[in-house]
Amino acid sequence: MVFFFRKDKNVPTSLLAERAEILSLFESCDANHDGKLSKEEVKAGFERLKSRFPGFRTQRAFKVADKNGDGFISKAELQELVDYVLDCYEGKIAGKLKK
């Protein structure tokens, strides 16, 4: 599922909030602050989302989001990662992030 957000379209506020939460979560997983996410950093994000299989989710996320195949998710590829997470959890992000 790919979303193209424009101000003139009717996008549910809850979906925008979930996208922002996911984006913030993975940006905070950038442990070395190099502006790109390694497999370990993405796996940490899935662990924070309480994924039952964070290693599997990480592998799938890289197949979907790592368009240039360099082994990292760059800022330009981050939206693809967010779309993948939204597809996996379909509206359940808020519940996954609550402690």
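**View 1. H33 sits in the loop between α1 (13–28) and β1 (36–37).** This is a predicted model, in which local features need pLDDT of at least 70, side-chain atom pairs count only at pLDDT 80 or more, and totals for chains, interfaces and linings use all residues. Residues are numbered from 1 along each chain as its sequence is written, and side-chain values use heavy atoms, with hydrogens and water left out. The phi angle of H33 is near 55°, a positive value in a residue other than glycine. H33 has a relative accessible area of 70% and is therefore exposed (exposed means over 50% relative accessible area, buried under 20%, and partly exposed in between, with a 1.4 Å probe and protein chains only). Helices (H or I, at least four residues) and strands (E, at least two) are DSSP runs, numbered from the N terminus.

**View 2. K50 lies in the loop between α2 (39–48) and α3.** Its phi is near 60°. That is a positive value in a residue other than glycine. K50 is partly exposed because its relative accessibility is 44%.

**View 3. Helix α3 (residues 54–65) packs with helix α4 (residues 78–89).** The angle is about 130°, and the axes are 9 Å apart. Axes are lines fitted to C-alpha atoms, for helices over the stretch in contact, and angles run from 0 to 180 degrees between N-to-C directions. α3 and α4 are therefore oblique to each other (under 35 degrees is roughly parallel, over 145 roughly antiparallel, 65 to 115 roughly perpendicular, and the rest oblique). α3 passes α4 in a right-handed crossing, meaning that the near helix is turned clockwise from the far one by less than a right angle.

**View 4. Residues of α3 meet residues of α4.** From α3 come R57, R60, A61, V64 and A65. From α4 come E80, L81, Y84, C88 and Y89. Contact means heavy atoms within 4.5 Å. The residues of this contact divide into seven nonpolar, no polar and three charged (Ala, Val, Leu, Ile, Met, Phe, Trp, Tyr, Cys and Pro count as nonpolar, Asp, Glu, Lys and Arg as charged, and the others, Gly among them, as polar).

View 5. C88 is partly exposed, with a relative accessible area of 23%. The structure holds zero disulfides (a disulfide is a pair of cysteine sulfur atoms within 2.5 Å).

**View 6. The chain holds five helices and two strands.** Along the sequence, the pattern is α-β-α-α-β-α-α. Buried residues make up 33% of the 99 residues.
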